[in-house]
Amino acid sequence: MKYLALGILFTFFLLAIFADFIAPYPYDLQNREAPYHPPTRVHILDSSGRLIHPYVHPYRLVNPIFKTYKEDKSQKCKVEFFTQTPYGFKLFYTPPRCGVYLLGTDKLGRDVFSRLVYGARISLSVGLIGVGITFLLGILFGSLAGYYGGAIDAAVMRLTEVLMSIPAFYLMLTLRAIFPLDMPSVAVFFLIIFILSFVGWAGLARVIRGLILSYRSYEYVLAAKTYGASTFRIIFKHILPNTYFYLIVSATSAIPAYILGEASLSLLGLGIQEPYPSWGNMLSEARSLTVITFFPWILSPGVAIFLVVVAFNILGDTLVSDKEKIG
Amino acid sequence: MLLELKNISVAYFGSFLFKRKPFFALKNISFSVNYRESVTILGESGSGKTTLGRLTVRLVKPTEGKVFLKGRNIFSYGKEYTRKVSMVFQNPREALNPRYSVWEAVEEPLLVHGIKNRKEIVEKVLTSVDIEEKLWFRKTYQLSGGQKQRVAIARALALNPLLIVADEPTSALDLSVAYEILELFKKLKHKQSLIFITHDVRMGTKVGEKIIILLGGRILEISPVKEFLEKPLHPYGVFLLNNLPVESPYKRKGNLKGMELETLRDEGCPFRINCPYNHEKCKLFPPERIVKVENGERRVWCWIYI
Ligand SMILES: Nc1ncnc2c1ncn2[C@@H]1O[C@H](COP(=O)(O)OP(=O)(O)OP(=O)(O)O)[C@@H](O)[C@H]1O
Ligand SMILES: [Mg+2]
């Protein structure tokens with residue numbers, strides 16, 4: 001299970017990192033002739049069942065109203081690997097007369113697979129950067145509160161209680177509402193990270209504070225004070241190392257929340273704006289039942305979210321149970 | 001005079017938001033420690049020993065009174081105070097960071113104070129507490145209790161302090177190991193001043209030259225150990241010597257009526273319910289009485305002597 005989860009995550013991170021190489025088309029390339037094109041069938045066997053170099057047939061739009069396509073068996077294009085294309089050096093590509101749409105296309109004829117790969121960049125980095133910032137805030141405030149106690153502790157704890165008493169989703173919407181709707185995409189991207197971190201740090205800060213509180217009175221921590229170690233040294237060398245394990249586990253379980261958070265904001269049109277792809281705004285196209293029924297491949301970013309979220313959760317769980325086994 | 005406590009009281013107030021009635025762990029305590037003198041502080045559980053020890057290393061602030069080192073208030077010193085007084089803690093299992101190696105644990109105080117010839121010093125102190133070379137680079141969690149305590153003592157020695165405060169350094173150890181550690185303290189004690197805190201009369205009287213009897217946050221008697229063993233002045237001292245642990249609990253002479261429960265902490269003498277001389281007057285704590293002896297003086301707080 002653990003290796004499966006790791007494998008899934010590894011694959012998605014590879015996709016995200018090498019998106020320019022793996023995605024055969026740019027994320028905003030529209031093919032007006034091929035809206036809602038179904039996933040292209042890649043043929044790897046010949047008629048007698050032997051393995052051959054993969055090839056595809058072009059598809060012809062037979063019904064422009066219901067967007068039904070038919071494979072045109074009269075022509076075929078070889079899938080070329082590691083090849084130079086008009087869009088740069090790519091892992092695989094076919095000549096333009098046949099399209100290779102592994103996961104079909106959307107309403108505007110954009111390759112869903114390419115958009116999924118580019119979207120992974122945004123969705124995964126929102127998760128990672130968001131968790132990073134949350135942890136920075138959580139550790140900072142948690143350590144201050146736990147180590148100094150007294151008034152600082154009381155103030156930080158009340159603040160976290162206020163934050164935690166507001167349902168996270170409404171808090172996200174409220175925060176988003178403070179900022180204008182039409183912002184440059186980069187700004188929106190960081191805004192979303194900011195919103196998610198702002199909503200997320202409170203719980204973590206409380207846990208860190210609790211851990212620090214319990215380690216603060218350990219005799220080796222007291223001893224370090226008596227020989228003049230600085231507060232910084234005490235926190236980072238004597239107290240926080242005891243929380244690393246907890247931090248790793250909670251990071252793995254927090255990342256899904258960020259991915260889902262970005263997805264929910266984008267789904268409502270409040271997140272990453274078209275034409276930039278994120279898994280959330282790609283899914284927003286799949287909101288109508290007819291689309292889902294007739295063009296189910298539009299749901300593939302949902303599958304990606306599901307896989308990544310489940311993989312992170314499994315990873316977190318196995319880390320905990322491994323730790324329990326070791327003791 | 002190296003360390004001097006003047007009219008110290010320490011109260012615990014509960015937390016910032018949930019204040020409660022102050023609880024006096026120490027009440028109006030005064031005593032002093034000379035250069036290279038060893039002082040035993042004897043008291044049973046809850047008498048305030050740890051609070052007193054932590055006070056001398058500034059982990060606890062006095063509610064009333066002042067503590068002086070070389071005539072200067074200890075809270076007026078900066079970081080340099082931490083070079084002058086060091087502490088050995090009660091529980092060796094907790095006293096060392098399990099992520100550190102023996103070497104790192106002993107080196108850290110030197111590192112913190114930016115001392116140059118660390119290698120030499122660490123080697124010297126580890127050797128002086130009989131930690132063999134093969135243990136030097138082990139992680140501290142791999143050591144036995146006695147070894148951990150030796151390393152903790154080495155760490156306390158590393159900065160070559162004027163005073164070492166040891167808070168029940170043997171109470172968490174097996175008896176045989178405890179006596180080894182005790183021997184170590186006897187060996188080390190004349191290099192600097194030592195405050196040896198213990199609940200064990202026999203151990204306490206083996207280390208210190210002067211003994212301070214603590215009960216319920218009050219000092220009842222301060223005497224040279226020799227005189228104390230010959231004839232304790234305070235009835236509580238008599239009680240302690242009469243109740244030294246013996247081979248069988250049936251051979252005990254005194255009883256421990258009420259002693260396991262919380263000791264009295266009021267305006268009176270904390271020993272009075274168990275005291276054979278309990279008197280109306282004992283509801284108020286007596287003033288100090290000084291008795292001159294050959295090599296110094298004895299101080300006692302008991303109405304018998306007034
Ligand atoms: N942080 C604290 N808050 C409130 N009360 C405390 C605190 N620390 C100690 N006390 C109380 O002060 C009294 C003295 O405690 P202290 O730890 O100094 O005793 P001790 O003599 O070292 O006992 P022991 O032999 O069990 O270690 C005890 O009654 C204890 O309950
Ligand atoms: Mg104690």
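How many cavities of 30 Å³ or more does a search of the whole structure find? I count four.

**Ground rules.** I am working on a predicted model, where local features need pLDDT of at least 70, side-chain atom pairs count only at pLDDT 80 or more, and totals for chains, interfaces and linings use all residues. I number residues from 1 along each chain as written, letter chains from A and number ligands from 1 in written order, and take side-chain values from heavy atoms, without hydrogens and water.

**Cavities.** I looked up the terms before the values. On a 1 Å grid over the protein atoms alone, a cavity is a set of points where a 1.4 Å probe fits but cannot get out; a pocket is an open set with protein on both sides within 12 Å along at least five of seven lines; lining residues have an atom within 4 Å of a point. Points are joined across faces, edges and corners, and a volume is the space filled by probe spheres set on them.

I find about 60 Å³ in the largest cavity. Its lining is Asp106(A), Val112(A), Arg115(A), Met282(A), Glu285(A), Ile298(A) and Pro301(A). I class four of these as nonpolar, none as polar and three as charged. (Ala, Val, Leu, Ile, Met, Phe, Trp, Tyr, Cys and Pro are nonpolar; Asp, Glu, Lys and Arg are charged; the others, Gly among them, are polar.)

The second largest cavity holds about 50 Å³. I see residues of both chains in its lining, including Ala223(A), Tyr227(A), Met87(B) and Arg155(B).

**Largest pocket.** I get a volume of about 1400 Å³. I list 43 lining residues, with Tyr147(A), Tyr148(A), Arg216(A), Lys225(A) and Leu59(B) nearest the centre. H4(A) gives the largest share, six residues. (Helices, H or I of at least four residues, and strands, E of at least two, are DSSP runs numbered from the N terminus.) By class I note 20 nonpolar, 11 polar and 12 charged residues.

**Ligand 1.** Which residues come nearest ligand 1? Of the 15 around it, I find Ser45(B), Gly46(B), Lys49(B), Thr50(B) and Thr51(B). The distance is 2.7 Å for Ser45(B), 2.7 Å for Lys49(B) and 2.5 Å for a polar atom of Thr50(B). The protein covers 63% of the 630 Å² of accessible area that ligand 1 has on its own. (Areas are Shrake-Rupley with a 1.4 Å probe; for residues, only the protein chains shown count as cover.) Strand S2 (19–33) and helix H1 (49–56) of chain B each supply at least two shell residues. I class the shell as three nonpolar, seven polar and five charged.

**Helix H1(B).** Six of its eight residues are buried. (Buried is under 20% relative accessible area, exposed over 50%, partly exposed in between; 1.4 Å probe, protein chains only.) Lys49(B) and Thr51(B) are among the buried ones. Just after H1(B), I note a positive phi of about 65° at Arg58(B).

**Two more residues.** I placed Ser223(B) in strand S10 (residues 218–224) of chain B. Ser223(B) counts as buried because its relative accessibility is 1%. Its side chain makes a polar contact of 2.7 Å with that of Arg298(B). (A polar contact is a pair of N or O atoms within 3.5 Å; within protein, one must be able to donate a hydrogen and the other to accept it, and residues adjacent in sequence count only if both atoms are side-chain atoms.) I found Cys269(B) in the loop between helix H10 (235–242) and strand S11 (289–293) of chain B. Cys269(B) is buried too, at 7% relative accessibility.

Terms used. A residue is near a molecule or strand if one of its heavy atoms lies within 4 Å of it.
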